[in-house]
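I opened my notebook to look up charged pairs and strand pairing. My notes follow.

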Amino acid sequence: MVFGSGAIGALALSTVFGTGVAAADDYAGQKYSDASSAASDAGQTVVVAARVGDKVSQDDCVVTRSQTAPFASANDGVHVASTVQFYLNCNGGYATAGTPGPSLGSPEGRSAKAATDEAAAEAESEQEAALAAVSTPNQ
C-alpha cells in the first residue's frame with residue numbers, strides 16, 4: 001500500500017512539473033518577413049500552418065510560434081525535413097478602435113505601441129531635417 005501511494009505521488013509530481021525540456025522558439029515574436037528570411041537563410045522551407053486575423057499584410061504578421069521538422073506532412077503523412085511551420089497573428093500590433101490586437105494594458109500591446117510611436121517620431125525627425133536642409137528662395 002505504501003509503495004503504491006509513492007508511485008502514484010511520483011506520477012502526479014511528474015505530471016505537474018513535466019519531464020520534458022522546453023525549447024526556445026527562435027522565430028516567435030518576429031514579423032513574418034524577418035522570420036521567413038532568417039529561416040530561408042538557415043536552409044529551411046517556410047510553411048504557414050495557421051493564420052489569425054486579416055488586418056495587416058502577411059509580411060507584417062507576427063509569428064506567434066513555430067514548429068520545425070521532423071514531422072509528418074498533413075497532406076500525405078510523408079516525413080518532412082528542412083521545413084518550419086509558422087503560426088501567424090495578422091491582427092494589428094495593438095488594439096485600436098478599428099483594429100484588433102493586444103490591449104495596451106498588456107506588455108505586448110504596450111511594446112508594440114512604443115515601437116510604433118518611436119518609428120513615427122524618427123520619421124518625423126528625419127522629415128524635419130530634410131526640410132531644414134532645403135534652401136529657400138531669396139535667402
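I started with D117, which forms a salt bridge with K113. The closest N and O atoms are 2.9 Å apart. This is a predicted model, so I read each value as computed. I then checked where the two residues sit. D117 and K113 are four residues apart in helix α3 (residues 107-133), so about one helical turn separates them. D117 has 38% relative accessibility and counts as partly exposed. K113, at 28%, is also partly exposed.

I noted the general idea: side chains of opposite charge can pair when their charged atoms come close.

How many salt bridges does the rule count? I found two. I looked up the pair D60 and K31, whose side chains meet at 3.3 Å, N to O. This pair links distant parts of the chain, 29 residues apart. D60 is in the loop between β1 and β2, and K31 is in the loop between α1 (2-17) and α2. D60 is partly exposed at 38% relative accessibility. K31 is partly exposed at 37%.

Next I turned to the sheet. It is open, has three strands in the order β1-β5-β2, and its pairing is mixed. β1 (45-52) and β2 (62-68) each have a single partner strand, so one side of each lacks a neighbour in the sheet. Neighbouring strands are turned by 25 degrees against each other on average, direction ignored.

I looked at one pairing in detail. β2 and β5 (residues 83-89) run antiparallel and are joined by six bridges. R65 has Y87 in β5 as its bridge partner.

Last, I checked helix α2 (residues 32-41). Helix α2 lies across β1, β2 and β5, and runs at about 175 degrees to β5.

Definitions and conventions:
Residues numbered from 1 in each chain as written. Predicted model: local features only at pLDDT ≥ 70, side-chain atom pairs only at ≥ 80, totals over all residues. Heavy atoms only, no water. Pairing = 2+ DSSP bridges. Helix = DSSP H or I, 4+ residues; strand = E, 2+ residues; numbered from the N terminus. Axes fitted to C-alpha atoms, helices over the stretch in contact; angles between N-to-C directions. Contact = heavy atoms within 4.5 Å. Salt bridge = Lys/Arg side-chain N within 4 Å of Asp/Glu carboxyl O. Buried < 20%, exposed > 50% of the residue type's maximum accessible area, 1.4 Å probe, protein only.
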